[in-house]
Amino acid sequence: MMRSFAPESLMMSHGYKPELSEGAVKCPIFQTSTFVFKSAQEGKDFFELAYGKREKNPGEQPGLIYSRLNNPDLQILEERLALWDKADECAVFESGMSAISTVLLEFLRPGDGMLYSKPVYGGTDHFINKLLPQYQIKGVGFTNSMTEEELLIAAKGKNVKVIYVETPANPTNALFDLTLCRKVANQLSTPESPVYVVVDNTYMGPLWQHPLELGADLVVYSATKYIGGHSDLIAGAVLGKSDLMARVRRLRTFLGNMAGPWTGWLLMRSLETLKVRMSQQALNAEKVADFLRDHPKVSKVYYLGHLTESDPQYQVFKSHLTSAGAMVSFDVKGGEKEAFRFLDSLKLFKLAVSLGSTESLAEHPATMTHSDVDEKDRMEIGISDNLVRLSIGVEHFEDLIWDISQALDQIEG
């Protein structure tokens, strides 16, 4: 009787046959641009499948053609990534933004509109509010306090085709109810014109939240973050059902923003330690957040583990997530001057953007990752001058707390 293994047990073997690679226990790096066909007929067959000119025959598998279309490192990686989210298929990209922009360009056309959650990552905000309007595509932002009726009113007359949700949101950990978003999408959809729910799950990684099970059509990641986890690569990923992924893959092929074999190999390496890394980061984050909550120079902590049953976000947290995650933001008492003083005084934390890696990072969203967000929007969604964002790594939590404590001590008052 064959056992159904957990994803973390399959990260070292799934999709790879050592006998095809001289018995190597790890998948080699297939650093090649093109692949040799056994015959002209095989080349024809492979291209027909790649360009969707026909359906697969029973037992037929797509063949290797050219590394812009497929590559063994990418193919095995995508199969392994799909296990975590229980997705039909996965497509890996050269960056998180290339994954996000490809999805939005595929499912939106001039004259269309989209609802998007606020806040979102600064690069996403720029793409939605600065670039898409040049193609007559309008983004309408919504916050997590809005009801189903308010969302429907916001969408009225906008020809909405996509509801884009980043949850938990960067950098405030704001949560959005994906079941509510699914209901709104269903009400806005028609048989001829479906409305798709796309979820950026970067903050939770593939471990702590599974949007496809909560009604999302597609999930996107900056794989640079927890999936990569070592601050040594840039990548993105999109996952979902086969019919939608066929469209995503097709546009990826012609935009040419597929990740390369070296990136794919590094991500396969990272997936082997995904669960142990993220589990330790979550444990460390809990200790750090509890310390910050009780510190006299901190006015507010944005950490999901501190939600109480009386908080309207609590039920979403309990129904959507399996962990409070490893991202902690907080308001220092004061303003930009005090926030900068704290950041400049850190010794173990690295002052850098990005998140989800083994080392702990700190940054100032208002002037760094979200500096291009409209100032009025920043104020509305809590990205203030005294907000600091921490990405908690795998160091010893007592050392992280010591570093935060001594940096806070440098703030006058």
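## A buried pair

Are lysine 118 and aspartate 377 buried or exposed? Both are buried in this predicted model. Their side chains form a salt bridge, with N to O at 3.3 Å. Lysine 118 sits in the loop between strand E2 (113–117) and helix H5 (122–131). Aspartate 377 belongs to helix H15 (residues 375–380). The pair therefore ties together parts that lie 259 residues apart in sequence.

## A network

Salt bridges with shared partners join four residues into one network: Glu78, Glu89, Arg249 and Arg252. Across the whole structure, the search finds 18 salt bridges.

Glutamate 272 pairs with lysine 26. The closest N and O atoms are 2.6 Å apart.

## An exposed lysine

Lysine 86 forms a salt bridge with glutamate 213; the closest N and O atoms are 3.4 Å apart. Lysine 86 lies in the loop between helix H3 (72–85) and strand E1 (89–93). Glutamate 213 lies in the loop between helix H8 (205–208) and strand E6 (218–222). The pair thus ties together parts 127 residues apart in sequence.

Why does lysine 86 count as exposed? Its relative accessibility is 65%, and exposed means over 50%.

How values were computed:
Residues numbered from 1 in each chain as written. Predicted model: local features only at pLDDT ≥ 70, side-chain atom pairs only at ≥ 80, totals over all residues. Heavy atoms only, no water. Helix = DSSP H or I, 4+ residues; strand = E, 2+ residues; numbered from the N terminus. Buried < 20%, exposed > 50% of the residue type's maximum accessible area, 1.4 Å probe, protein only.
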